[in-house]
Amino acid sequence: LENENNDFKTLISTLENENNDLKIKNSSLENQLNESIKQEEELNLLLKAINGGHEESTQRLFDVQLELDEIQNNNIKILNEKDLLIKNNEKYEIEIEKYQQNEIRIKKEFEESQLLVKESLLAKDKENTEKLHLKENENNNLKETISNI
């Protein structure tokens with residue numbers, strides 16, 4: 001049971017490390033998303049300025065729109081990856097909870113088995129003590145009988 005408990009502790013530690021790695025990656029993706037959103041806003045402002053009558057070429061307007069589309073597509077990819085990371089993170093948290101519950105169960109079973117062994121040893125000790133007293137009494141009776149003879 002102790003080996004099984006240690007195995008579960010190792011597995012829990014591994015899952016927690018993977019979970020922490022996912023949280024770090026999720027944070028990085030959120031930072032990327034925030035930066036992309038800022039870029040998108042800047043490009044939208046630039047697009048509005050261009051559409052507002054500034055004398056920019058049609059090609060620049062087209063380039064800005066393509067860049068904006070690319071950023072929006074990248075944001076969608078980041079959001080999808082973030083959703084996947086969140087789902088994976090939830091799965092790991094569920095697994096960690098299962099292993100922690102299993103660890104608690106094993107500890108309880110181990111403590112119960114230790115208690116049973118202790119009770120068994122105490123009962124055996126009591127039985128042996130009683131046998132010893134009986135042998136001592138028998139021995140004393142034999143000594144007394146011998147001394148009377």
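Which residue forms a salt bridge with Lys25? The partner is Glu81, and the closest N and O atoms of the two residues are 3.5 Å apart.

## About the model

This is a predicted model, in which local features need pLDDT of at least 70 and side-chain atom pairs count only at pLDDT 80 or more, while totals for chains, interfaces and linings use all residues. Residues are numbered from 1 along each chain as its sequence is written, and side-chain values use heavy atoms, with hydrogens and water left out.

## Overall form

The chain has two helices and zero strands, where helices (H or I, at least four residues) and strands (E, at least two) are DSSP runs numbered from the N terminus. Along its principal axes the C-alpha trace spans about 135 × 15 × 15 Å. The radius of gyration of the chain is 38 Å, whereas a compact globule of 149 residues would have a value near 15 Å; this radius is taken over C-alpha atoms, and the globule rule is 2.2 Å times the number of residues to the power 0.38.

Buried residues make up 18% of the 149 residues in the chain, with buried meaning under 20% relative accessible area, exposed over 50%, and partly exposed in between (1.4 Å probe, protein chains only). Among contacts (heavy atoms within 4.5 Å) between residues at least 6 apart in sequence, 84% join residues at least 24 apart.

## A salt bridge between the helices

Side chains of opposite charge can pair when their charged atoms come close. A salt bridge is counted here when a side-chain nitrogen of Lys or Arg lies within 4 Å of a carboxyl oxygen of Asp or Glu, and by this rule the count comes to seven salt bridges. One of them is the pair of Glu81 and Lys25. Glu81 lies in helix α2 (residues 58-148) and Lys25 in helix α1 (residues 2-51), so the pair ties together parts that are 56 residues apart in sequence. Glu81 is partly exposed, with a relative accessible area of 32%, and Lys25 also counts as partly exposed, at 44%.

Glu95 forms a salt bridge with Lys98, their closest N and O atoms being 3.5 Å apart. These two residues are three residues apart in helix α2, which means that about one helical turn separates Glu95 from Lys98. Glu95 is partly exposed, at a relative accessible area of 28%.

Glu109 and Arg105 meet through their side chains in a salt bridge of 2.7 Å, N to O. Being four residues apart in helix α2, Glu109 and Arg105 are likewise separated by about one helical turn. Glu109 is partly exposed, with a relative accessible area of 32%, and Arg105 is partly exposed as well, at 38%.

## Buried side chains and an aromatic pair

The structure holds one aromatic pair, made of Phe8 and Tyr99, which is tilted, at 5.6 Å centre to centre and 45 degrees between the planes. Rings of Phe, Tyr and Trp (its six-membered ring) pair if their centres lie within 6.5 Å, and planes under 30 degrees apart count as stacked, over 60 as edge-to-face and the rest as tilted. Phe8 lies in helix α1 and Tyr99 in helix α2, so the pair ties together parts that are 91 residues apart in sequence. Both Phe8 and Tyr99 are buried.

Asn5 lies in helix α1 and counts as buried, at 10% relative accessibility. Leaving aside its neighbours within four places in sequence, Asn5 is in contact with Glu103, Ile106 and Lys107.
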